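Please look over the sequence and the structure shown below before reading on. The notes that follow begin with a single residue and then move on to the chain and some of its parts.

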Amino acid sequence: MPSLDSTSAPHGTGGTDAMARAFRARFGGDPEGVWQAPGRVNLIGEHTDYNDGFVLPLALPHATRVAAARRTDGRLRVHSAQAAQPAEVDLAGLVPGSVEGWAVYPAAVVWALREAGHEVGGADLYVDSDVPVGAGLSSSAALECAVGLAYSDLHGLGLELPQLALLAQRAENGFAGVPCGVMDQMASACCAAGAALFLDTRDLSARQVPLDLAAAGLLLLVVDTQVKHELADGAYAERRAGCERAARLLGLSALRELEPSGLEAALARLPEPGLRPLTRHVVTENARVRQVVSLLDAGDPRGIGPLLTEGHASLRDDFAVSCAETDLVVAVANRAGALGARMTGGGFGGSVVVLAELGDADRIAEAVADAFAAEGWKPPRTFTAVPSEGARRLG
Ligand code: ADP
Ligand code: MG
């Protein structure tokens, strides 16, 4: 029995017609268009984006769609197929903290647009998504980028995709109160089908790195553990603050400036021993991203496996953001013949990426499912990540 769980394959959220029908059922009139932005999985480069470092995400086929129409009364009305409650926001009183629940994300985008000087008004938005929510696959960035692109088109703002990403990040940081780096939004906005996005988060210079794993007889599995531990958000902010403090103490503007050759000396100089493992993770992780890109460029995708597993060890032992569930997936997948595996996303649950030979995928997924059953844990959801297109208008 194949153990790849088809329920978490992208089921599609319906085409533009289905989105328009659903929009009409909620709001009465027709939408002016439908936009979509994908979730992402990060191949390597974790907790590096807020250190001005390197990341290598790819967009998933799973995406969030938004059917939208402008309103002239300064109100934002939002429905989501994934949320029990619709919401209505009066944009006149839009300040951080004024919106509760999931509507904070679309409202945040309107807030960020206005902060950037765009005089945008209200809208009706119908949202539907097959991006797993809270699984470390960036459903929040997908929602922000889809809403942001809809607004850009409806108001003729002509935002370039990297601008859209920066705006979405500003929305999440400044309005939704999540201190994320720029990777998730850049991935959702700027990834291309068939490629991973090699991004330098310092200046947003980016290159599409072709990633045709199937042609090499390989595939990338995503294992969603379906757990998100309570401490995730606080721990993220704490790690970020620790990295910024380490950089300051070392006289750097960001840890990205530290090269592996200078690491040992820098660690010896750091007066707070607790900051040393954080620093080591960031420096070694940036080096791993560059090595992975070199191997992919050289046509050696199998060669990246050990780097993925090393990256996981660094996140587990130095950065301390893994958890029992992600550690188990990595260990079991590697024992079952994977070429390499690592947790992906912020940590404390979420998902694991596994690089495997095509013929081994079912066996690996089964071994992981059996290991979860033996622990008495809810079964993980496993699917294949095919590098997909970034944000775009659908119709
Ligand atoms: P991740 O981005 O890893 O999926 P986050 O905690 O950053 O996890 O974002 C998840 C939140 O984003 C949800 O709790 C919800 O508020 C919002 N969200 C994402 N997708 C949707 C959707 N389709 N409908 C409504 N809210 C959504
Ligand atoms: Mg998120």
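Is T48 buried or exposed? T48 is buried, with a relative accessible area of 0%, where buried means under 20% relative accessible area, exposed means over 50%, and partly exposed lies in between (1.4 Å probe, protein chains only). This is a predicted model, in which local features need pLDDT of at least 70 and side-chain atom pairs count only at pLDDT 80 or more, whereas totals for chains, interfaces and linings use all residues. Residues are numbered from 1 along each chain as its sequence is written, and side-chain values use heavy atoms, with hydrogens and water left out.

**The chain as a whole**

- The chain has eleven helices and 13 strands, where helices (H or I, at least four residues) and strands (E, at least two) are DSSP runs numbered from the N terminus.
- The radius of gyration of the chain is 21 Å, close to the 21 Å that the globule rule gives for 395 residues, so the chain is as compact as a globular protein of that length; this radius is taken over C-alpha atoms, and the rule is 2.2 Å times the number of residues to the power 0.38.
- Along the principal axes, the C-alpha atoms of the chain fill a box of roughly 60 × 55 × 40 Å.
- Of the 395 residues in the chain, 55% are buried.
- Among contacts (heavy atoms within 4.5 Å) with a separation of 6 or more, 74% are between residues 24 or more positions apart.

- T48 is found in the loop between β1 and β2, and, not counting residues up to four places away in sequence, T48 touches G53, F54, V55, T201, V282, E285 and N286.
- R170 belongs to helix α4 (residues 161–174) and is partly exposed, with a relative accessible area of 40%.
- Leaving out residues up to four places away in sequence, R170 touches W111, A112, E115 and F175.
- R170 and V182 are twelve residues apart along the chain, and their C-alpha atoms are separated by 9.0 Å.

**Helices α5 and α6**

- Helix α5 (residues 183–190) is mostly covered, since eight of its eight residues are buried.
- The 18 residues of helix α6 (residues 232–249) should span 26 Å at 1.5 Å a residue, and the end C-alpha atoms of α6 are 26 Å apart, which agrees; the expected span is 1.5 Å times one less than the number of residues.
- The buried residues of α6 are A232, A235, Y236, R239, R240, G242, C243, A246 and A247.
- Seen down the axis of α6, these buried residues fall within an arc of 155°, so they line one face of the helix; the arc is that of the directions from the helix axis to the C-beta atoms.
- On the other side of α6, D233, E238 and R248 are exposed.
- The cover over the buried residues of α6 includes β9 (218–228) and α8 (276–297).
- Just after α6, G251 takes a positive phi of about 75°.

**An aromatic pair**

- The structure holds five aromatic pairs, which are rings of Phe, Tyr and Trp (its six-membered ring) with centres within 6.5 Å, counted as stacked when their planes are under 30 degrees apart, as edge-to-face when over 60, and as tilted for the rest.
- The rings of Y50 and Y236 have their centres 5.4 Å apart and their planes at 70°, so the pair is edge-to-face.
- Y50 lies in the loop between β1 (33–42) and β2 (54–55) and Y236 in helix α6, so the pair ties together parts that are 186 residues apart in sequence.
- Both Y50 and Y236 are buried.

How values were computed. Chains lettered and ligands numbered in written order.
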